[in-house]
Amino acid sequence: TNRTFTMIKPDAVENGHIGGILDKITSAGFKIVAMKYTQLSKRDAQEFYAVHSERPFYGELVDFMTRGPIVSAILEKDNAVEDFRALIGATNPTEAAEGTIRKLYATSIGENAVHGSDSDENAAIEGAFHFAGREIY
Ligand code: GTP
Ligand code: MG
């Protein structure tokens, strides 16, 4: 499809980068079709990241993602999932390309400023996890 799901993570919100990140997103041609400022519960974060539940960093990831507010959004653009992954850059900011959101705003492999869905299927699942149908334009 032409939609993806993103979160501006607690580190980027704490560091004052909501505006800078939204500017990068909209300047790259993504249209915002849903957006909210919210805080994940432990249960929300555990469920959202269930795919990583056996990884050694799972507990740290859940603690990080719940420690403060986030901005979650559904974005629309042709080739949205792939183009958004390119815009955010590699998971580890030291490996992220120049000009990518993670290169600009992430501080570590764990606290990496933004999430981007990794497939059309997961974009749909993640968008529906965060937004009711009436919240999506
Ligand atoms: P997302 O868009 O957030 O899903 O990132 P990604 O697809 O680039 O990475 P992945 O799905 O493999 O990991 C999900 C998230 O777990 C990452 O974005 C990090 O926040 C966190 N993470 C991944 N690897 C590590 C790690 O080695 N240590 C820690 N502390 N966190 C990690
Ligand atoms: Mg991922």
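This is a predicted model: local features need pLDDT of at least 70, side-chain atom pairs count only at pLDDT 80 or more; totals for chains, interfaces and linings use all residues.
User: Is His115 buried or exposed?
Analyst: A residue counts as buried if 20 or more other C-beta atoms lie within 10 Å of its own. Around His115 there are 20 other C-beta atoms within 10 Å, so His115 is buried.

User: Leaving aside neighbours within four places in sequence, with which residues is His115 in contact?
Analyst: With its neighbours within four places in sequence set aside, the contacts of His115 are Thr6, Met7 and Lys9.

User: How do the residues of the shell around ligand 1 divide into nonpolar, polar and charged?
Analyst: Ligand 1 is surrounded by residues including Phe57, Glu60, Leu61, His115 and Asp118. Helix α4 and strand β4 each supply at least two residues of this shell. By type, the shell around ligand 1 comprises three nonpolar, five polar and two charged residues.

User: Which element gives the most residues to the largest nonpolar core?
Analyst: The largest nonpolar core holds 28 residues, and among those touching the most other members are Ile21, Leu75 and Phe84. Elements that each supply at least two residues of this core include β1, α2, β3 and α6. With five residues, the element that gives the most to the core is α5.

User: Why do the buried residues of α7 line one face of the helix?
Analyst: The buried residues of helix α7 are Ala123, Glu126, Gly127 and His130. They line one face because, seen down the axis of α7, they fall within an arc of 100°. An α-helix has 3.6 residues a turn, so residues three or four places apart point the same way. In α7, the arc that holds the buried residues is 100°.

User: Against which elements do the buried residues of α7 pack?
Analyst: The buried residues in question include Ala123 and His130. The elements against which they pack are β1 (3–8), β3 (70–76) and α5 (80–88).

User: What is the phi of Ala113?
Analyst: Most residues other than glycine have a negative phi. Ala113 is found in the loop between α6 and β4, and Ala113 counts as buried because it has 28 C-beta neighbours inside 10 Å. Although Ala113 is not a glycine, its phi is positive, at about 75°.

Definitions and conventions
Residues are numbered from 1 along each chain as its sequence is written. Chains are lettered from A and ligands numbered from 1 in the order in which they are written. A residue is buried if 20 or more other C-beta atoms lie within 10 Å of its own, exposed if 12 or fewer, and partly exposed in between; C-beta atoms are placed from the backbone. Two residues are in contact if their C-beta atoms, placed from the backbone, lie within 7 Å. Helices (H or I, at least four residues) and strands (E, at least two) are DSSP runs, numbered from the N terminus. The arc is that of the directions from the helix axis to the C-beta atoms. A nonpolar core is a set of buried Ala, Val, Leu, Ile, Met, Phe, Trp, Tyr and Cys residues joined through C-beta atoms within 7 Å. A residue is near a molecule or strand if its C-beta atom, placed from the backbone, lies within 6 Å of it. Ala, Val, Leu, Ile, Met, Phe, Trp, Tyr, Cys and Pro count as nonpolar, Asp, Glu, Lys and Arg as charged, and the others, Gly among them, as polar.
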